[in-house]
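User: I'd like to learn how to read a protein model feature by feature. Please take me through one.

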Amino acid sequence: MASTTPTVAPLPYWVRGDTNAFFGFGVNVLVNVLTLTGLCLAVVNLPEGEVFGTILPALGIALVAGNIYYTYLARRLARRENRTDVTALPYGPSVPHMFIVIFVIMLPIYLRTQDPLRAWEAGLAWAFIIGVIVLIGAFVGPYIRRYAPRAALLGTLAGISITFISMNPAGQMWRMAWVALPVFALLLIGLLTDVKLPFNFPIGLAALLLGTAIGWAGGAMSVPDVTAAARDIAVAVPSFKLDLLFTGLADMAPLLATAIPLGVYNFTEGMTNVESAATAGDNYNLRSVLLADGAGAVIGAALGSPFPPAVYVGHPGWKAAGGRSGYSMATGVVIAVLCFLGMFGLLGAIFPTAAIVPILLYIGLLIGAQAFQATPRAHAAAVVAALIPNIAAWATGQIDNALAAAGTTAAAVGDDALNGAGVIYDGLLVLGQGAILAGLVLGAVVVFIIDRRFVRAAIFASSGAVLSFIGLIHGERIEWNANGQVALGYLFVAVICAVFALGRPTPREPDPQEDEPDQQPDRADPASERTDTDRRTSALPG
């Protein structure tokens, strides 16, 4: 009797689309590592030997281990579902955190002590605390994902992507538009259409080479800079820096005010990125993802890196580009090798920044679009509501940086003067504190009001009141009664929703073919990795 067991197709380690995704994602991580290298050297004045000999190799270990692990998760999911189109989650140094650890944690200590090593110790302790909080979040995050509506999750992710991921690269692009815009156009044509280059040449590599050629031909780059950077190349092997870490942890109390909310931000961001991947058809186990993110931050800090790694925004983009499981592992290995060889000084001298950053703007476009395309049309207002706190956080950061460049601060200028100039700084500051969680809460409240599910809206509004009261959102620090007026406002919202719930209104009827969060298969099971591939991929652009 013939066997009826289905034949499992062989799962290749590399497909043609991995090449495109590798050059796109690899350039993404490359520019981030180049950025954090420049921040360490120029802002905190860390010695080049420590940056190239310790911090970057430590980051390299975390990146190669994490990307190999996420390649394993992708291949495991592909075998379980007998699919060949599973895309690995992208993984690299967290972009918002690299700026926060430099400007919020390390720079103030350096300015106070004039000792970059003291600042480095604090950065390591902060990254370690972040990792521990994310590890804890691995056990509570799946339950948040279970009850949070998709519009709130993807809306707050889009807010991060549009502001912190896209705006700075956009500014850098228009500073040298003659280099960046041709690169951006080539990326859009290659990644948002089905147009292919001759011989299927990788679009990401072609875009980088085009921008580099234009930059060099136009005189934007310098041969002496390349020569000087080449002299600094040296092999570095990472080793544990537990003495620095323990010294930083000895004075950890001041770090908790930022580490706790940002640790919560990390696992909430991981949660939204897993949701983003699920809308593209790849439903990963959230707990496995968060455990890896937390472990990467802890191990990196023990080796000397103050930059917590995390799953990146952008999985649907690399899936649309054809990436599967190989691109992630290749990116981790290549970036790690470059870190071990101290090549980032040389790469920064060869490739114009304007030729690299357009890939970040592309990711911002894709994730911003996905937040609207992969959620019910009726929830569009909730997506916008979830965006707003992140826009406020970005705006206040820009105001602070501008005032600092002028040698002053918002406190010195005064709220009255700022309000008189039309800058509502005090309100934006409150709105933007804990933006990722604030966006999640606000977006969820709006979703459930739209759906006439007033009990759920009241629950999320009450959560907002508690989070505001202890300072995890809308507060400058973790403390009791951090912002009582905001907490009271959320409490009033909860009361209003509860009153309307007494009327037992009929919930909104879903539109035809609407993907309701409550109807998504197996989302309620934290261990689930099954998904309805066809329905979720139908929401993707193209």
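User: Which helix does Ser276 lie in?

Analyst: Keep in mind that this model is predicted. Ser276 sits in helix α11, which covers residues 253-279.

User: Is Ser276 buried or exposed?

Analyst: Compare the relative accessible area with the cut-off. Buried means under 20%. Ser276 has 1%, so Ser276 is buried.

User: What does Ser276 touch, leaving out residues up to four places away in sequence?

Analyst: The partners are Leu154, Leu157, Pro316, Ile367 and Gln370.

User: Let's step back to the whole protein. How many helices and strands does the protein have?

Analyst: The secondary structure amounts to 25 helices and two strands. The protein has 542 residues, and buried ones make up 56% of them.

User: What share of the contacts links residues 24 or more positions apart?

Analyst: Take the contacts with a separation of 6 or more. Of these, 82% join residues 24 or more positions apart.

User: Now the inside. How many cavities of 30 Å³ or more does a search of the whole structure find?

Analyst: Four cavities reach that volume. The largest cavity holds about 120 Å³ of space. Its lining has 13 residues, and the closest to the centre are Val95, Ile165, Glu269, Tyr312 and Val313.

User: Which elements each supply at least two residues of that lining?

Analyst: Three elements do: α3 (95-113), β2 (309-311) and α17 (358-373). By class, the lining of the largest cavity counts ten nonpolar, two polar and one charged residues.

User: On to charges. How many salt bridges are there?

Analyst: Start with the general idea. Side chains of opposite charge can pair when their charged atoms come close. A salt bridge here needs a side-chain nitrogen of Lys or Arg within 4 Å of a carboxyl oxygen of Asp or Glu. By this rule the count is five.

User: Which residues does Arg83 pair with?

Analyst: Arg83 makes a salt bridge with Glu81, with the closest N and O atoms 2.4 Å apart. Arg83 also meets Asp85 in a salt bridge, at 2.9 Å from N to O.

User: What is the N to O distance between Asp282 and Lys319?

Analyst: Their salt bridge has its closest N and O atoms 3.0 Å apart. Asp282 lies in the loop between α11 and α12 (286-303), and Lys319 lies in helix α13 (residues 315-320), so the pair ties together parts 37 residues apart in sequence. Both Asp282 and Lys319 are buried.

User: Which residues are linked in a network of salt bridges?

Analyst: The network links Glu81, Arg83, Asp85, Asp282 and Lys319.

User: What about the backbone? Where is Asn82 found, and what is its phi?

Analyst: First, the general idea. Most residues other than glycine have a negative phi. Asn82 has a positive phi, near 50 degrees. Asn82 is in the loop between α2 (48-81) and β1 (91-93). At 41% relative accessibility, Asn82 counts as partly exposed.

User: What is the phi of Gln114?

Analyst: Phi of Gln114 is near 60 degrees, a positive value. Gln114 lies in the loop between α3 and α4 (116-147).

Technical notes. Residues numbered from 1 in each chain as written. Predicted model: local features only at pLDDT ≥ 70, side-chain atom pairs only at ≥ 80, totals over all residues. Heavy atoms only, no water. Helix = DSSP H or I, 4+ residues; strand = E, 2+ residues; numbered from the N terminus. Buried < 20%, exposed > 50% of the residue type's maximum accessible area, 1.4 Å probe, protein only. Contact = heavy atoms within 4.5 Å. 1 Å grid on protein atoms, 1.4 Å probe; cavity = no way out; pocket = protein on both sides within 12 Å on 5 of 7 lines; lining within 4 Å. Points joined across faces, edges and corners; volume = space filled by probe spheres on them. Nonpolar A, V, L, I, M, F, W, Y, C, P; charged D, E, K, R; others polar.
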